[in-house]
Amino acid sequence: MDCEIIKERVELFRSYMRKSGLSAFVVVSSDPHSSEYVADRWKCRKWLSGFDGSAGTVVVTADKALLWTDSRYWLAAEKSLEGTGFELMKDGLAETPSIIEWLCKNLKDADVVGVDATVCSMVELDAWDMPLSDCGIALNLVNDPFDELWKQRPSVPLSVARIMPLEIAGESAASKIARLREAFKKEGVDGMVVTMLDEIAWLTNLRGNDVEFNPVLVSYMIVTAKEAVLYIDERKLTPDVTAYLLSQGITTAPYEEILQAIKTYDERKLLLQPNKCNIAVGLTVGENAVPSDSPIALMKAVKNETEIKGFERAMLSEGVAMVKLLNWLKPAVEQGGVTELDVDAKLTELRSADESFTGLSFATIAAYGANAAIVHYEPTPAENAVLQPKGFLLLDCGGQYLHGTTDVTRTIALGGLTDEEKADYTRVLRGHISLAMAKFPKGTCGTQLDVLARQWLWQAGENYLHGTGHGVGHFLNVHEGPHQIRMNNMPTHLVPGMTVTNEPGLYKAGRHGIRIENTMIVKEYCETEFGAFYQLSPLTLCPIDTTPIVSELLGNDAREYLNAYHAMVFEQLSPYLEGEELSFLEDACKAI
């Protein structure tokens, strides 16, 4: 983007700040629903700074403009901010102050910091208010300054709602709401303000296209013991959808009436998630708020049998497309001219042959060579490496299918490899398999399993800093909780029916990056005198490259697991392939 345009926007914003009596303003990357991916209307940080990474926070003062972002985006941010007057603050470095620390050091007593109450969460309010106050700095809550400043700002999206039929959802919306009401009794609340878009989509069995990658509808919902009201722009609702909602006991009201509606519940206790509820909603609920984790999150995370079958169908579609891509890839690279973006485009073309495919579940990471060492690298027309018949391509990709959501990563040897690359690949693969083979007792959380994926890397003095696994939604958000597999404490227990990814990695700056990922499902294993035990079973159907494996580093148990996995992949996918592609699959899945 033109640097002069960014400078003009910052000066326009400073003019607003002066008129509002603000010494600084904090611009976050969120929307009113704490979404991971936000609709264009709420990409205010991008509009102001020009930086388009998915994570980052801007601070503007009378003479400074700064962007905090994490290590995934440092290189991209440096390029994006060059010449704009913005300073990059490398979040995560010991020498980089937090936003609060910086404000306290650089503002003076009685200065005022502004934040947008419609997109900042109650947790952020709690985190900022007292520390700033201790420094003599006031926090001022405002409502969406960009509505005034951003000319031709995109409107709230208006995709048409579609019903997830019972044969795909596996449970009616009325049944889900009834289960939620039972949870209210246990929580001792009268109802809940539902703010998360994927929770509303799951609860209502509606899907939309309001947000890139996530098939959701911008909306709120209030559910109590006697009513369920969906707050949504009614232009999204066809007569059939409206009739369907009424049949499930759900009425509708305009999206913008949510705050006024909350005020009518002034004598009822309403459950709120402080980390997912925006300040405007939280303060409107006020003293009636009961802060708690959402009961919907755990309900949604445990898939029913119909949803599991849907995942299996989606993984079959994804597996066929992936095999066709892998069959195409190496010959195309050897012919020359294939870029990272070409890989993304080819995979989308192959997926689109399946009528149940609706789009990507996240932006494809096709990262060649040293680019793969940037954990969440995404190729762009300006940064788009040409693949060579040597080294690794890391391909992390996912699709949205009507029956389920996919997320798979493969690291592919395009030709000759160094001994270091082979050893690193084998350690990552052995960690992936060690976690995949886990058997664990009821009551185990993901944090307790995380070391299984890291142990072989740790023995070599290596590690990765991202999580090892996350939940995957059912034709919903590719990242969902509340369970995760990671080093820091995630206390939610893993239970049968939960989907979770298994994706250890290793990244060496300037050299290579490796990650191997399958989406798994938690299943029952056995019952003994010591209680119930569970296991992980792979849903993903895609060959894992065996050419980089260092045999003596893999181990016999891991080899047997990999051979059994490949036998299953071949059995499942082979009926849908023929000719050269079937031959490729047979070779890729042969026992080692």
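Select Val451, Trp458 and Met487: together they make a nonpolar surface patch of about 270 Å². Such patches consist of residues with over 30% relative accessible area and no salt bridge, nonpolar side chains (Val, Leu, Ile, Met, Phe, Trp, Tyr) being joined within 5 Å and like charges within 9 Å. A salt bridge here is a side-chain nitrogen of Lys or Arg within 4 Å of a carboxyl oxygen of Asp or Glu. Accessible areas come from the Shrake-Rupley method with a 1.4 Å probe, and for residues only the protein chains shown count as cover.

This is a predicted model, in which local features need pLDDT of at least 70 and side-chain atom pairs count only at pLDDT 80 or more, while totals for chains, interfaces and linings use all residues. Residues are numbered from 1 along each chain as its sequence is written, and side-chain values use heavy atoms, leaving out hydrogens and water.

Stay on Met487, in the loop between β23 (480-485) and β24 (499-502). Helices (H or I, at least four residues) and strands (E, at least two) are DSSP runs, numbered from the N terminus. Met487 is partly exposed, at 40% relative accessible area; buried means under 20%, exposed over 50%, and partly exposed in between.

Next, select Phe392 and Tyr425, a stacked aromatic pair with 5.7 Å centre to centre and 20° between the planes. Rings of Phe, Tyr and Trp (its six-membered ring) pair if their centres lie within 6.5 Å; planes under 30 degrees apart are stacked, over 60 edge-to-face, the rest tilted. Both Phe392 and Tyr425 are buried.

Finally, select Phe13, Tyr16, Phe25, Trp47, Phe146 and Trp150, which form one aromatic cluster.

How values were computed. Buried means under 20% relative accessible area, exposed over 50%, partly exposed in between (1.4 Å probe, protein chains only).
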